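Subject: Model handover

Hello,

Please find the structure below. My notes on what was found in it follow.

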Amino acid sequence: MFSREWESDPRPTYQQLHDTGPVHRVTLPSGSRAWLVTRHEDASAALANPSLIKDPLRFGKRSRGILSTLPDRLRTVLFRNILEMDPPEHTRVRKLVARPFSAARISRRLADVETRAVAMVDALPEREPVDIVRAFCSPYPLRIVCDLLGVPDSEESRLRVQRWARVLNAGHAADAGAYVECAGEAMAYLEELVALKRREPGDDLASAMVASQEEEDGLSPEEVIGTLFMLILAGHESTAHLLSMSLLELARDPELRRDLAEHPELLPNAAEEMLRYTSPVKLAPWRYAAHDLALAGTDIRAGEGVMVGVAAANMDPAVFPGPGRLDIRRAEAVRHLSFGRGIHFCLGAQLAKMEAAAAFRAVLNRFPDFTLAIAADSIEWQRGAMIRGPLALPLVFGS
Ligand code: HEM
């Protein structure tokens, strides 16, 4: 695991892991040791287990890897967000942030999301290679999350957010100097945004978070910045990777393109199956055993790290027969764990699925045919243990 081969095709490794046992001791690329849970049943249980907690400080653990290079204030403000919190803090903050993500509110954004998808797909050049990650898969979800938050839709603002999102998302694979610089830029940008929303509130999530500061139990100024930061990063990168990996599968399979174009009613299930099959998040973020406990028969000591292998669980043959086959009609596709489970279940799940279905529809309506412009084995994959996706993906549309 964690080799170059695994980064470009992790599925054979998951098969081996399923064959050899439910819990594995692993060393991550950062050098940290952890327990890895891989089977679907155990992974679901681990994600919902209140004894696996997020806050490493409870055990006196220091920040890991590149995070430790950041000045204290940047680290504690930007990276102290709901993903890293435990109850009761998590419960309070999630309640304040969750409202705009309800299914009803998200479905009201459908027309806007579809308009964005169609406009960006219409602008793609034809009959020449285009890096679809830069031209569409990355800017499209970034723009949508920015619309939701109320980030101004200006070229300057887009470029700034795109730059620091790219560097910070690269995590430990980023250049340390650029990482610290971008974290500083992100902080300055979000402080400006908060000041703007205080002066001129709008009907957007950033304004609602700023207003909540006045309420009892509302967000603190640091929580507002940390949550905005997390939403921009979380709402953008994994969706971008879902889209690029799905377009890769569609580019390589004319039959799949035709099937989906002729059966648009399959779009929602196709999005679920793409989430399962591509698994943009390989490992759910760190958890720690709050006390000595057993997971699937393995003893774990208090304070030891536990990684939940959501991508491995999505390849568990006990739940997904023939897991290596992409099948947009697969009834059990919805059981994937790509959005996690339990109290940290992805807030953006509805939105991401809607974005994916709108993107597939826009691309297939405009371009029944498109191909990969390079050999599949020369695609460069994002480095690192947590996230999977191509760094660039040259496609030729209208070919
Ligand atoms: C949490 C995956 C898109 C916001 C999570 C978790 C996963 C995940 C696995 C749980 C982490 C854990 O249990 O530790 C994904 C994938 C996406 C996606 C695969 C796209 C394909 C989005 C979008 C947004 C978003 C579009 C928002 C605009 C969040 C938030 C949390 C979260 C706020 C933290 C929830 C909490 O801790 O209570 N996501 N996500 N995600 N996601 Fe997503």
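Helices (H or I, at least four residues) and strands (E, at least two) are DSSP runs, numbered from the N terminus. This is a predicted model, in which local features need pLDDT of at least 70 and side-chain atom pairs count only at pLDDT 80 or more, while totals for chains, interfaces and linings use all residues. Residues are numbered from 1 along each chain as its sequence is written.

The three-stranded sheet

Strand 4 and strand 10 (residues 394–397) are antiparallel and pair over three bridges; two strands pair if DSSP finds at least two bridges between them. They belong to an open sheet of three strands in the order 4-10-9, with antiparallel pairing. Its edge strands, each pairing on one side only, are strand 4 (129–131) and strand 9 (370–372). From one strand to the next the twist averages 35°; axes are lines fitted to C-alpha atoms, for helices over the stretch in contact, and angles run from 0 to 180 degrees between N-to-C directions. Helix 13 (residues 221–252) lies across strand 9 and strand 10, at about 105° to strand 9. Contact here requires C-beta atoms, placed from the backbone, within 7 Å.

The ligand shell

Helix 13 also gives the most to the shell around the ligand, with six residues. Strand 5 (284–289) and helix 17 (349–366) are likewise among the elements that each supply at least two. Of the 25 residues around the ligand, Gly 235, Gly 340, His 344, Cys 346 and Gly 348 come nearest; a residue counts as near if its C-beta atom, placed from the backbone, lies within 6 Å.

A second open sheet, of five strands with mixed pairing, has the order 1-2-8-5-3. Strand 1 (23–27) and strand 3 (52–53) are its edges, each pairing on one side only. Strand 1 runs antiparallel to strand 2 (residues 33–37), and five bridges join them. Val 23 has Val 37 of strand 2 as its bridge partner. Helix 3 (residues 40–47) lies across strand 2, strand 3, strand 5 and strand 8 (305–308), at about 125° to strand 8.

The chain overall

The chain has 17 helices and 10 strands. Its C-alpha atoms fill a box of roughly 55 × 55 × 40 Å along the principal axes. Among contacts between residues at least 6 apart in sequence, 74% join residues at least 24 apart.

Regards

Note on methods: Two residues are in contact if their C-beta atoms, placed from the backbone, lie within 7 Å.
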